[in-house]
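Subject: Structure handover

Hello,

Here is the structure for you to look at.

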Amino acid sequence: MSITYRTCKDINDYEKIRTFLEKSYEFYGTRFDDNLSLFEFQTALSRGLEEPVKSIDEALKNVMLWFHGENIVALLEEDAFCLAPGYRHLFNEVVEAGEQFAESSGTREWEVYDNDADFEDVLLNKGYLKSEEYWVRREFDLTDSKSLQVTLPQGFTIKSVPELVDAQQVYKAYKLCYGIEFNEEIFKKMYETSTYRPQLDLVVMDPENEAAALCSGRYEEKNKLATIEAVSCFHQYRKKGISKALLVHLLNTAKELGASKATVYTAMPEKHPAPNRLYESAGFQLVGNRFVWKKGNE
């Protein structure tokens, strides 16, 4: 049976992608950074970011899928890829397809973990070089019976984002995290996804009921995985232990939901020391560094 590839078509493909990512994670853990939580979040974001709101078909029209029979064995998005166990050899073809698409949309970069030698060899043979840019992947073991204990400063409280009446405060806090203008439609689409849990979408309010910090997480039940999207704190509230207290609250809540592991990635510590120190101080362990590869002449 031959392997074929095409772009994503419709809601049926969306469901197949979800199943593929769930199963792939069972084998790869965090070696690919396109788990179900991230995929659903990015899809919801792309659907509601512009007007009019996009359908699933429109949001995923540039996603490329490789099939072996009826089963997806590889996936390529704009900034992520994932291959099923036993199909790593398809990476050469995945790179070629990505380059063809990039001919009309700009240059293509790839992110692979350090020492994934087969992937690195493919990129070297195609003229790519490993840059000094990288992302750090960490995870936290939630199977320990003990709960972490960190308290907020007096007068500060933790609330779920859907509880807040003032939507503008929510958008402001999310923009601090992601640098993107969020809106009501994006949140509607996020709430509809299978990995969204209001208990993990949290904001710290100060004594005047103003947003001070945000911690956004999602939960994939099948793999018992909590994915932390971001933790951020407004400048005037920093160095008070707020971010760590919020992160610890999310970890304890994820454990109560059934999560056995929490995972997060951050930008390189040399340029962004604060978030890396936060996760290290909370007990996150290094999984690996995911380096950016670029064409040698770029």
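At the start of α6, which backbone nitrogen does a side-chain oxygen of Asp 166 reach? The nitrogen belongs to Gln 168, and the oxygen comes to within 3.1 Å of it.

This is a predicted model, in which local features need pLDDT of at least 70 and side-chain atom pairs 80 or more, while totals for chains, interfaces and linings use all residues. Residues are numbered from 1 along each chain as its sequence is written, and side-chain values use heavy atoms, without hydrogens and water.

Gln 169, Val 170, Tyr 171, Ala 173, Tyr 174 and Cys 177 are the buried residues of α6 (under 20% relative accessible area, 1.4 Å probe, protein chains only). They pack against α7 (184-191), β8 (201-205), β9 (211-220) and β10 (225-233). Just after the helix, Gly 179 has a positive phi of about 70°.

Now the pocket. The second largest pocket holds about 230 Å³ of space. Which element gives the largest share of its lining? That is α1, with six residues. α1 (11-28) and β3 (71-76) each supply at least two lining residues.

Regards

How values were computed
Buried < 20%, exposed > 50% of the residue type's maximum accessible area, 1.4 Å probe, protein only. Helix = DSSP H or I, 4+ residues; strand = E, 2+ residues; numbered from the N terminus. Contact = heavy atoms within 4.5 Å. Polar contact = N/O pair within 3.5 Å; in protein donor to acceptor, adjacent residues only side chain to side chain. 1 Å grid on protein atoms, 1.4 Å probe; cavity = no way out; pocket = protein on both sides within 12 Å on 5 of 7 lines; lining within 4 Å. Points joined across faces, edges and corners; volume = space filled by probe spheres on them.
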